[in-house]
Amino acid sequence: MNNKEQYIWIFYIVFGFLCGSTMFSQIIPKYIFNKDICKISKDHNPGATNVFIECGIGCGLLCLILDIVKGFFPIFFSTHRVDINNLLFTFVLIAPVLGHAIAPFNNFQGGKCIATAFGVTLALFNKSKIVLLLATLYILFSTILKIHSHTVRSIVTFGLFGILSAIFLIRRNLYSVAFGCVLISIIVILKHIGNYINITVLQNIYHNKFSFKKSD
């Protein structure tokens, strides 16, 4: 690999991370409605679902599309410039999702990565229809085998997606894409577990404070 190729790989990894780090679901409500989604939402998550709840359908839809797009375009552009069979492509794949999860430009208050993960897998449509697997699993656990808890539903969905996508993609010798899908699933699952733990801790703190004041 020559220097030019190295720079191309570095560019798409950094570009994807920076795109993912742009928290549209935090920025747009703040500048249009003067609302801090991280503060006012129940789970303190800067995601499109909370924008729908706090700011309405129009703003929520805009944020949802942008969260998908920021995962889509870095991968879509990269597939025309780099070899997706190179294991470095794994890092290109996870970069937008990792950026959304970490969110260095939002005081490291990242989102749960669902929409961005859909954008990443959608960008691979010409190479692999793996996005259809992710969509099918989400629909399945939202309707026929309905899991009411959003957190549990997402964990189960991405857990199965990580396993099944790895099997399907490895059989097609798309190893870098397989590793990328597994790592994306792990990131999403960890974010949901972490968010659940944070909410539980905050609820316990609030409950203890309320109980203490009531006893006084």
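**A helix crossing and its surroundings**

Author: In this predicted model, helix 2 passes helix 5 in a right-handed crossing. The axes of helix 2, residues 24-32, and helix 5, residues 57-78, come within 9 Å and cross at roughly 145°.

The contact can be followed residue by residue: on the side of helix 2, Phe24, Ser25, Ile28 and Pro29 take part, and they meet Cys59, Leu62, Cys63, Leu66, Asp67 and Lys70 of helix 5. Burial in helix 2 involves Ser25, Gln26, Ile28 and Pro29, and the cover over the buried residues of this helix includes, besides helix 5, helix 3 (37-40) and helix 4 (48-55). Just after helix 2 comes asparagine 34, whose phi is positive, at about 55°.

Aspartate 67 has a relative accessible area of 3%, and because buried means under 20%, it is classed as buried. Lysine 70, at 4% relative accessibility, counts as buried as well. As a general point, side chains of opposite charge can pair when their charged atoms come close.

The structure holds 2 salt bridges, and another pairing to consider is that of lysine 112 with aspartate 43, whose closest N and O atoms are 3.0 Å apart. Lysine 112 lies in the loop between helix 6 (89-102) and helix 7 (114-122), while aspartate 43 lies in the loop between helix 3 and helix 4, so this pair ties together parts that are 69 residues apart in sequence. Both lysine 112 and aspartate 43 are buried. The loop that holds aspartate 43 thus runs between helix 3 and helix 4, two of the elements included in the cover over the buried residues of helix 2.

For a view of the surface, one can turn to helix 10, residues 175-215, in which tyrosine 196 lies. With a relative accessible area of 53%, tyrosine 196 is exposed, and together with Leu183, Ile186, Leu190, Ile193 and Ile197 it forms a nonpolar patch on the surface, with about 550 Å² of accessible area together.

Conventions
Residues are numbered from 1 along each chain as its sequence is written. This is a predicted model: local features need pLDDT of at least 70, side-chain atom pairs count only at pLDDT 80 or more; totals for chains, interfaces and linings use all residues. Side-chain values use heavy atoms; hydrogens and water are left out. Patches are made of residues with over 30% relative accessible area and no salt bridge: like charges are joined within 9 Å, nonpolar side chains (Val, Leu, Ile, Met, Phe, Trp, Tyr) within 5 Å. Accessible areas come from the Shrake-Rupley method with a 1.4 Å probe; for residues, only the protein chains shown count as cover. A salt bridge is a side-chain nitrogen of Lys or Arg within 4 Å of a carboxyl oxygen of Asp or Glu. Helices (H or I, at least four residues) and strands (E, at least two) are DSSP runs, numbered from the N terminus. Buried means under 20% relative accessible area, exposed over 50%, partly exposed in between (1.4 Å probe, protein chains only). Axes are lines fitted to C-alpha atoms, for helices over the stretch in contact, and angles run from 0 to 180 degrees between N-to-C directions. A crossing is left-handed if the near helix is turned anticlockwise from the far one by less than a right angle, and right-handed if clockwise. Contact means heavy atoms within 4.5 Å.
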